[in-house]
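I opened a new page for this chain. My notes follow, in the order I looked things up.

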Amino acid sequence: MSRWLHRLRGALGMGVTWGLAWGLAGILIGVAYTLGVPLDWFLEVFDAPLPALAVPGFFSGAAFSLVLGVAGRNRRFDELSRPGFTAWGALGGVLLSLVPLSAVGLFTPVGAVVAGTLGVLGGASAAGTLLIARTAEEPPALERAPAGRQALGPPD
């Protein structure tokens with residue numbers, strides 16, 4: 001598979017994963033509201049169905065994948081700092097909010113709620129992505145032992 005197709009597949013996969021997570025976050029916001037959490041201020045601004053957060057989640061995840069390919073090039077996940085990684089995700093979420101807010105006005109209460117929400121979701125998604133990637137990179141805890149021995153402790 002060529003390098004560009006590999007990166008495109010990674011960006012689409014990251015977009016789908018983040019889209020699913022953001023859609024779930026929207027559903028959880030709706031559940032919290034029905035349980036009595038005072039979210040009227042959020043629901044006045046965000047008038048789309050809450051699972052529709054999956055759409056900006058997809059685009060944010062795909063864009064983050066491309067940014068990660070440039071900013072994190074030639075580094076393994078254990079070499080990247082969690083705060084920096086989270087900041088990249090939050091910045092991506094805020095930058096994503098500039099597209100729709102350019103039509104309504106950037107420095108309005110609506111803009112603050114949208115940019116803040118997308119920034120928090122972007123940062124949380126990036127932190128979760130790094131956590132999952134670091135877990136996947138770790139070697140297995142138990143190595144295969146020779147026949148007749150159990151691998152319960154360090155080798156002798």
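This is a predicted model: local features need pLDDT of at least 70, side-chain atom pairs count only at pLDDT 80 or more; totals for chains, interfaces and linings use all residues.

**Entry 1: terms.** I set the burial terms before reading any side chain. Buried means under 20% relative accessible area, exposed means over 50%, and partly exposed lies in between.

**Entry 2: the fold.** I counted secondary structure next. The protein chain has five helices and zero strands. Along the sequence I read the pattern as α-α-α-α-α. The chain holds 156 residues, and buried residues make up 28% of them. I then looked up contacts by sequence separation. Of the contacts with a separation of 6 or more, 69% are between residues 24 or more positions apart.

**Entry 3: aromatic pairs.** How many aromatic pairs does the structure hold? I found five. I took the pair of Trp-18 and Phe-64 and noted that it is stacked. Its centres are 5.0 Å apart, with 25 degrees between the planes. This pair links distant parts of the chain: Trp-18 belongs to helix α1 and Phe-64 to helix α3, 46 residues apart.

I then went to Phe-58 and Phe-59. They form an aromatic pair that is edge-to-face. I logged 5.4 Å centre to centre and 75 degrees between the planes. I also traced how ring pairs connect. They link Trp-18, Trp-22, Phe-64, Phe-85 and Trp-88 into a cluster.

**Entry 4: Ser-60.** I placed Ser-60 in helix α3. Its relative accessible area is 3%, so Ser-60 is buried. What does Ser-60 contact, leaving aside neighbours within four places in sequence? I list Trp-18, Trp-22, Gly-92, Gly-93 and Leu-96.

**Entry 5: Gly-72.** I found Gly-72 in the loop between α3 and α4 (82-104). At 10% relative accessibility, Gly-72 counts as buried. Leaving aside neighbours within four places in sequence, Gly-72 is in contact with Val-67, Leu-80 and Trp-88. I also checked Gly-72 against Phe-85. They are 13 residues apart in sequence, and their C-alpha atoms are 9.2 Å apart in space.

**Entry 6: the largest pocket.** I looked up the volume of the largest pocket and wrote down about 590 Å³. The pocket is lined by 21 residues. Which of them lie nearest its centre? I have Arg-7, Ser-65, Leu-68, Gly-69 and Phe-77. Next I asked which helices contribute. α1 (3-34) and α3 (54-71) each supply at least two residues of the lining. The largest share comes from α1, with eight residues. I sorted the lining by class: nine nonpolar, six polar and six charged residues.

**Entry 7: Arg-7.** I went back to Arg-7, one of the lining residues nearest the centre of the largest pocket. Where does its charged end sit? I find the charged end of Arg-7 over the ring of Trp-4, at 5.6 Å from the ring centre.

Conventions. Residues are numbered from 1 along each chain as its sequence is written. Side-chain values use heavy atoms; hydrogens and water are left out. On a 1 Å grid over the protein atoms alone, a cavity is a set of points where a 1.4 Å probe fits but cannot get out, and a pocket is an open set with protein on both sides within 12 Å along at least five of seven lines; lining residues have an atom within 4 Å of a point. Grid points are joined across faces, edges and corners, and a volume is the space filled by probe spheres set on the points. Helices (H or I, at least four residues) and strands (E, at least two) are DSSP runs, numbered from the N terminus. Ala, Val, Leu, Ile, Met, Phe, Trp, Tyr, Cys and Pro count as nonpolar, Asp, Glu, Lys and Arg as charged, and the others, Gly among them, as polar. Rings of Phe, Tyr and Trp (its six-membered ring) pair if their centres lie within 6.5 Å; planes under 30 degrees apart count as stacked, over 60 as edge-to-face and the rest as tilted. A charge sits over a ring if NZ of Lys or CZ of Arg is within 6 Å of the ring centre and within 35 degrees of the ring normal. Buried means under 20% relative accessible area, exposed over 50%, partly exposed in between (1.4 Å probe, protein chains only). Contact means heavy atoms within 4.5 Å.
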